Amino acid sequence: MKRRLLLIALLLLAPSIAQATSRPATPRQLEKWRSQIRQTLFIPSPLPALAPTTYSTFSPAPGVIAERISYATNYGLRIPAVIYRPEHPTAPMPAIVIVNGHGGDKTSWYAFYSGILYARAGAVVLTYDPMGEDERNSSRASETRIHDTVVPGSHIPEHLAGLMITDILQSFSYLAQRSDVDPHRIAISAYSMGSFHAVIAGALEPRLRALLLSGGGNLDGPGGYWDTSKPMCQGGAYRALNILEDADARGAILYALNQQHGPTLILNGTADGLITRPHTDEAFFVDLRDRTAAITGTRKNLFETDWFPGAGHRPNFVTRKAALWLQQQLSFPNWTVAAINALGESHISEWAARTGAHVGSGFLNELSEGGVEALSTDIPNLPRNLLQAIPEPEWQQHKQDFIWETWLERTKTF
């Protein structure tokens with residue numbers, strides 16, 4: 001009899017239990033998730049002091065000034081970067097952090113292309129080297145992908161991904177403290193591997209105005225693309241984030257946290273094998289949006305998606321679609337919607353052939369980066385030596401403050 005009464009009571013309570021579990025997450029719960037992400041990926045709070053250094057300036061294109069700088073990140077390391085800004089600023093200006101994909105760095109075509117393009121629009125644009133590439137490589141080499149080197153040891157992948165995410169947060173903080181930047185109008189534009197790191201960085205940075213992801217954003221479930229991708233910088237960290245709730249909830253929780261600061265746009269190609277192979281097409285994103293909205297209880301600032309038909313893996317933040325969306329979010333002082341629509345475009349494979357610009361190995365084809373229709377017709381190629389932030393003698397003297405080998409040594413004793 002008692003068991004029957006208990007069963008009846010549970011049945012009567014079922015609707016209220018279901019209603020309680022479907023309530024939107026509280027601010028306390030959102031902060032708990034942020035804290036779990038920081039702890040799991042060894043992201044310090046507070047972040048390290050920036051201690052920025054400026055080395056020199058140059059003009060990469062008419063009307064644009066570039067600054068060679070560095071600033072601090074985790075593990076006592078420093079980030080080399082090149083900043084692009086208008087020659088005649090109208091402060092305070094909007095700003096953008098460019099986050100590279102695998103093998104990319106500040107010398108990649110889409111990094112300096114974005115820098116010049118959006119500096120002309122009236123923004124301050126930060127491009128930097130991720131761990132293991134260019135000035136963060138012991139040979140000052142690019143496209144090495146040394147950060148993919150599998151290193152045995154406890155939580156090493158979480159340390160590496162956490163460093164790469166900290167780099168984004170430090171880059172954001174550097175821009176936010178500049179006197180010529182409006183700290184309320186800073187965006188992050190990220191590509192491929194960078195999209196994975198950027199969506200986590202966005203979940204932790206409440207000051208971020210807008211997030212633009214390209215060649216990614218498909219935060220799937222157990223055994224999906226991100227769980228099984230590069231173990232050091234992606235897969236290990238994504239699996240570790242099961243601590244948030246469970247493997248199915250990670251993507252929705254990360255986007256729910258991003259909802260708190262502002263809008264997100266995901267720009268992908270319908271023929272991108274990295275995105276569509278796990279069947280993460282628009283139907284996948286519709287479901288992910290609904291699950292995200294169930295967590296927050298609102299569809300305000302819920303991430304949007306847009307597609308390039310027949311396109312593959314590309315840094316789409318240099319396209320007209322991206323520029324129009326960023327204009328809506330950041331209000332570039334030198335652009336209007338009409339001005340953006342009036343700009344011509346450069347087919348990147350043709351632009352590279354004309355200017356001598358280098359496109360990463362395996363990407364100079366029509367399906368991938370070679371097929372990008374990038375906004376503007378007069379962006380110059382910038383030679384690699386021009387984009388080195390730190391004078392060679394100084395870099396050699398302080399090499400240990402930048403390179404992957406130092407990170408690995410310090411991580412093992414962390």
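## Largest pocket

Helix 3 gives the largest share of the lining of the largest pocket, three residues. Helices and strands here are DSSP runs (H or I, at least four residues, for helices; E, at least two, for strands), numbered from the N terminus. The model is predicted: local features need pLDDT of at least 70, side-chain atom pairs count only at pLDDT 80 or more, and totals for chains, interfaces and linings use all residues. Residues are numbered from 1 along each chain as its sequence is written, and side-chain values use heavy atoms, with hydrogens and water left out.

The largest pocket holds about 510 Å³ of space. It has 35 lining residues, and the closest to its centre are His102, Gly103, Gly104, Ser108 and Gly360. Helix 3 (109-121), helix 6 (225-228) and helix 9 (273-276) are the elements that give two or more residues to this lining. By class, the lining has 14 nonpolar, 16 polar and five charged residues. Nonpolar means Ala, Val, Leu, Ile, Met, Phe, Trp, Tyr, Cys and Pro; charged means Asp, Glu, Lys and Arg; the others, Gly among them, are polar.

The whole structure has one cavity of 30 Å³ or more. The largest cavity holds about 60 Å³ of space. Its lining is Val99, Asn100, Tyr128, Pro130, Met164, Asp167, Met193 and His197. Helix 4 (156-177) and helix 5 (193-204) each give two or more of these residues. Five of the lining residues are nonpolar, two polar and one charged.

Both terms rest on a 1 Å grid over the protein atoms alone: in a cavity a 1.4 Å probe fits but cannot get out, while a pocket is an open set of points with protein on both sides within 12 Å along at least five of seven lines, and lining residues have an atom within 4 Å of a point. Points are joined across faces, edges and corners, and a volume is the space filled by probe spheres set on them.

## Backbone exceptions

Most residues other than glycine have a negative phi, and most peptide bonds are trans. Ser45 and Pro46 are joined by a cis peptide bond, with omega about 5°. Pro46 sits in the loop between helix 2 (27-40) and strand 1 (53-61). Another cis bond joins Ala91 and Pro92, with omega about -5°. Pro92 is in the loop between strand 3 (78-86) and strand 4 (93-99).

Phe42 has a positive phi, near 55°. Phe42 is in the loop between helix 2 and strand 1. Its relative accessibility is 23%, so Phe42 counts as partly exposed (buried is under 20% relative accessible area, exposed over 50%, partly exposed in between; 1.4 Å probe, protein chains only). Ser331 also has a positive phi, about 55°. Ser331 lies between helix 11 (320-330) and helix 12 (337-342), in the loop. Ser331 is partly exposed at 43%.
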